[in-house]
Amino acid sequence: MIEIRNLVKIFFKGTPSEKVAIDHLNLTLQEGDFVTVIGGNGAGKSTLINLIAGSLPEDEGMILLNNNDICKLREYQRAPYFGRVFQDPKVGTATDMTIIENLALAYGRGKPRSLFRWSYRKKDVDFFIEQLKTLDLGLEDRLYQKVGLLSGGQRQALTLLMATIRSNPSYHRIKRDYVWFYDGDKKEAKIAINKAFDDAFNEFKANKKEVLSSNLSKNEKKNKINELKNELDKKLRQYDVTKPVLLLDEHTAALDPKTAQKVLEITDKIVKENNLTTIMITHNMKDAIKYGNRLIMMSKGKVVADVAGEEKQKLTIETLLDMFTAKSKNDIFSDSAIFGD
């Protein structure tokens, strides 16, 4: 869950050029919300995403992730919890690195050591191939091709995958994040999670000892112990409380209409399959209506309309324009926002 409380961002504060970009904005996103964001130029859409990601410091207010204020975390410290795709397909990938090298870097986001010491294990490569197949762009057959040779659409689709791909966090991080994001007494949470892990490990050791002392063959013992390890891993990972939040800043604006549609379809698929909390800024009203379970309209740094569920499903370009006219009297939408060009 993301909660934004009284967020304020002012550019050129105290000068004649002072600009209030975000004006005491309040917004709450539940886990799995796919929110499309529209608004005229200067409404504060991209500034909001920059503040959430940590690219900009806030002047006032709080940004809470799972009930914990993240405003004191720098951008790199927030990286494990957020995936971001920019308008420019060239941003977010390394041009001179191969597809597999880009994926490896993204896969190890937040890990303390270099990925290239471990990421080329066969099971990791197989995982990358399976993930690339979901894009249906044939990139799984071009693993060792440099990203700079890809088209804009292919590159943006790869960036989407990189923004959401995630290696399993270490047990240490699972325990740390469980305590950090716990909505209550942190000391009690630490005691509880440590006990849960100790109990699980003790149960595993007891079961392993029983298997080793059994009359099973050597291979049967090996298979049984592997089963026990998988059960232990599954039991411990149920305490993993975080998924990456996806931040999309007009990520199809630089693509031609046909390619943009393909990337949006891939976006929708990734978001739904992973139940990702997502904020998607778009300049296109049709896309804002079509995608997501919720639509918010911004004007002058504030949320001026918030439509969800059945109400959103009933929206049309005409009703959305009427809403925009009523809520944002001094803002202007471009023709491309209205007609989708």
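Two strands are taken to pair if DSSP finds at least two bridges between them, and helices (H or I, at least four residues) and strands (E, at least two) are DSSP runs numbered from the N terminus. By this criterion, Ile-4 stands opposite Ile-63 in S4. The structure is a predicted model, in which local features need pLDDT of at least 70 and side-chain atom pairs count only at pLDDT 80 or more, whereas totals for chains, interfaces and linings use all residues. Residues are numbered from 1 along each chain as its sequence is written, and side-chain values use heavy atoms, with hydrogens and water left out.

The protein chain contains 13 helices and ten strands. Its C-alpha atoms fill a box of roughly 80 × 50 × 40 Å along the principal axes. Of the 341 residues, 45% are buried; here, buried means under 20% relative accessible area, exposed over 50%, and partly exposed in between, with a 1.4 Å probe and protein chains only. Contacts (heavy atoms within 4.5 Å) were also counted. Among those with a separation of 6 or more, 69% involve residues 24 or more positions apart.

Strands of a sheet pair through backbone hydrogen bonds, either parallel or antiparallel. An open sheet of four strands shows antiparallel pairing in the order S2-S1-S4-S5. Its edge strands, S2 (19-29) and S5 (68-69), each pair on one side only. Strand S1 (residues 2-11) is joined to strand S4 (residues 60-65) in the antiparallel sense by five bridges.

Ala-21 belongs to strand S2 and is buried, with a relative accessible area of 5%. When residues up to four places away in sequence are not counted, Ala-21 touches Lys-9, Phe-11, Ala-43, Gly-44, Thr-47, Lys-300 and Gly-301. Ala-21 and Ser-46 are separated by 25 residues in sequence and by 9.7 Å in space, C-alpha to C-alpha.

Parallel pairing occurs around strand S8 (residues 278-281). Four bridges link S8 to strand S3 (residues 34-39) in parallel, with Ile-279 as the bridge partner of Val-35. Four bridges also link S8 to strand S7 (residues 245-249), again in parallel, and here Met-280 is the partner of Leu-248. In a regular strand the side chains alternate between the two faces of the sheet. In S8 both faces are covered: Thr-278 and Met-280 are buried on one side, and Ile-279 and Ile-281 are buried on the other.

Helix H8 (residues 218-237) has 20 residues and reaches 29 Å from its first C-alpha to its last, close to the 28 Å expected at 1.5 Å a residue; the expected span is 1.5 Å times one less than the number of residues. Lys-221, Ile-225, Leu-228, Leu-232 and Leu-236 are buried in H8. These residues lie on the same side of H8 because they cover an arc of only 70° around the axis, the arc being that of the directions from the helix axis to the C-beta atoms. The buried residues of H8 pack against helix H6 (171-180) and helix H7 (186-212). On the face turned away from the buried side, H8 carries the exposed residues Asn-219, Asn-230 and Lys-234.
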